[in-house]
Amino acid sequence: MAHSPTAIDPVPRPQGFPLTRISLLGALEEADPARSRNAWDELLRAYWQPIRRYICRRWHESPEAAEDLTQSFLARAIERQTFAAFDPRQARFRTFLRLCLDRDLANVREAAARQKRGGGETHLTLDAPAIASHPVLRTAIDDDPEELFHREWLRAIFETAMERLRASASLSGREVRFALFERYELGRSSTGGPGERPTYDELALEFAIPRTQVTNHLAWARQELRRLVLEELRRHTASPAEFRDEARRALGVEVT
Amino acid sequence: MSPLFISDAELDRLRRSAAEPDLAGSRYELRGQLGRGGMATVYRAWDAVLDREVALKVLDLPEADPALAARLLREARVLAQLEHPGIVPVHDAGELPDGRAYCAMKRVEGSRLDDAARELTRTERLRLFLRICDAVAFAHSRGILHRDLKPENVMVGSFGEVLVLDWGLARIVADLPAPVPGNARDELEERNERELTRHGAVLGTPAYMPPEQSSGVVSAVDQRSDVFALGGILQFLLTDAPPSAGAEVRIDGSKALAAACSKARALSPDERYPSARELAGDIERFLDGRPLTAYRESLFERGARLFERYQTATLLVLAYLFVRTLLLLFARQ
């Protein structure tokens, strides 16, 4: 096995080749450690945050406990080669992963309960504070595990796309475009604090640019974000049909 | 730089934003979303040149099949041929800076027929129906079939005006003036049919679709196919429920209207009203208290209808006869 459980980090982004979900799952068991490592990094990058947040919301764990549980779940998945059992004809990988996760967490809780009753094994702490401590508020979708995991997965996709947009804007000297977009769409000020959504005129004043340029900058950012989100979706889906379906669900758009 | 965290509300906003069309450099400013179709979204937009609000229909993505753009442009051209108060007018069409095809139409204030009908009496509903028939008959007179008539595609304005929308599946069956002349029109139509089929687009809506359309025999579709859909709309207006295929039409209190619906929705086109005008004619006759071509009434029904039509006159005559009788009786005593 390429990693010990404690060696897992939620690596931001591997520099390797782009992988589709299926080729990635195949690469997990590669003999070549570099390729296997790349595949794991890619998988963790895509699913670490969705898993962690899902555990917070669905299993009502604190962020710290969720972090530990994410790590231990993935470590066990590596050890037991859990993902080798995935069959793309049966379900989406996301659904398969969520079912594995739910089963694993149920086992962990059962073991913890046994220990409380006098068992001998040592496990991660499961004394969970209320979900209120988590920044994401509980909503109706929290009752639908599939929907909840999809939303967390989508959040990770958009976060990655926004990070990439920020990086590409920075590399091409277009930081102001990203800052303007972030200010308008996320209502965030340059210091990162929350705020009201400004008007185009307010943005023009704040960034000292003409109003027409505000429109152009926002149009550029939207187009780039759309491109990057679709790119991420393409990376994280196993087939063109699944990609089309995810694009429809995520953006409400039809793609070919 | 700290890692980005996106809240639920921000995620929803970014999802909408990433799908929004790029209107930079165009005369339009986005004001909101009005609705979504299969391949396009309709936005509320401001036309900065003419200072008015418009409905902007924009294809979902430039990456989508170019044939869809051709289809949207075709819809705009079809609408441009149909200047009628009952058909939504098109103002402009083209391509946005991000490559998406768009079509700017009149922004219709009002509600969909299925919503608007809830507030109306039967007579008001029938009068609305006549206006729909009028718009469809006009399109037929210009050689254009709608092919997707249903309550959702009819808007009722705040002053009772009726607008037939969504001509995306329209079929041109007669020669039209430029820019689609002669053979080019046939070629365009054939290509359009092929594209529609290839995309698996629903050529109409099952409950309102005639058998010749659902079986995909394009050449068999004519104005009687729209008559079938109009019959479905009529049935919906009279029963508050979408029509179901093959089921006997039952309408409370009027066998004549049930017969009109049945005739419009006959499975064989030859048994239907030959045109939207003829269907409208029967509904006008009903409203005027005259016999319908679709229904042979019994003697009793005829009497009841005549009584209802000439109610005042009949009552006056009866009252006169009653008084005369009384006077005669008093005179004998």
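**A walk through two chains**

With a relative accessibility of 18%, R76(A) counts as buried, since the cut-off for that word is under 20%. Bear in mind that this is a predicted model. R76(A) sits in helix α3 of chain A, which covers residues 63-80. And what does R76(A) touch, leaving aside residues up to four places away in sequence? Its contacts are T82(A), D104(A) and V108(A).

Now for the nonpolar cores. The largest one holds 64 residues. Y47(A), I51(A), F83(A), F158(A), M162(A), L225(A) and L233(A) have the most contacts inside it. There's also a second, separate core of 63 residues, with V136(B), I172(B), I251(B) and A258(B) among them. As a general point, nonpolar side chains in soluble globular proteins tend to be buried together.

Over in chain B, take a look at helix α7, residues 223-239. Most of α7(B) is covered, with 14 of its 17 residues buried.

Next, follow chain B to helix α8 (residues 255-264) and helix α9 (residues 276-288). Their axes come within 11 Å and cross at roughly 180°. Angles over 145 degrees count as roughly antiparallel, so that is how α8(B) and α9(B) run relative to each other. Which residues meet here? From α8(B) come A256(B), L257(B), A260(B) and A264(B), and from α9(B) come L279(B), I283(B) and F286(B). Sorted by type, the residues of this contact are seven nonpolar, no polar and no charged.

Terms used: Residues numbered from 1 in each chain as written. Chains lettered and ligands numbered in written order. Predicted model: local features only at pLDDT ≥ 70, side-chain atom pairs only at ≥ 80, totals over all residues. Heavy atoms only, no water. Helix = DSSP H or I, 4+ residues; strand = E, 2+ residues; numbered from the N terminus. Expected span 1.5 Å × (residues − 1). Buried < 20%, exposed > 50% of the residue type's maximum accessible area, 1.4 Å probe, protein only. Core = buried A, V, L, I, M, F, W, Y, C linked by side-chain atoms within 4.5 Å. Axes fitted to C-alpha atoms, helices over the stretch in contact; angles between N-to-C directions. Parallel < 35°, antiparallel > 145°, perpendicular 65-115°, else oblique. Contact = heavy atoms within 4.5 Å. Nonpolar A, V, L, I, M, F, W, Y, C, P; charged D, E, K, R; others polar.
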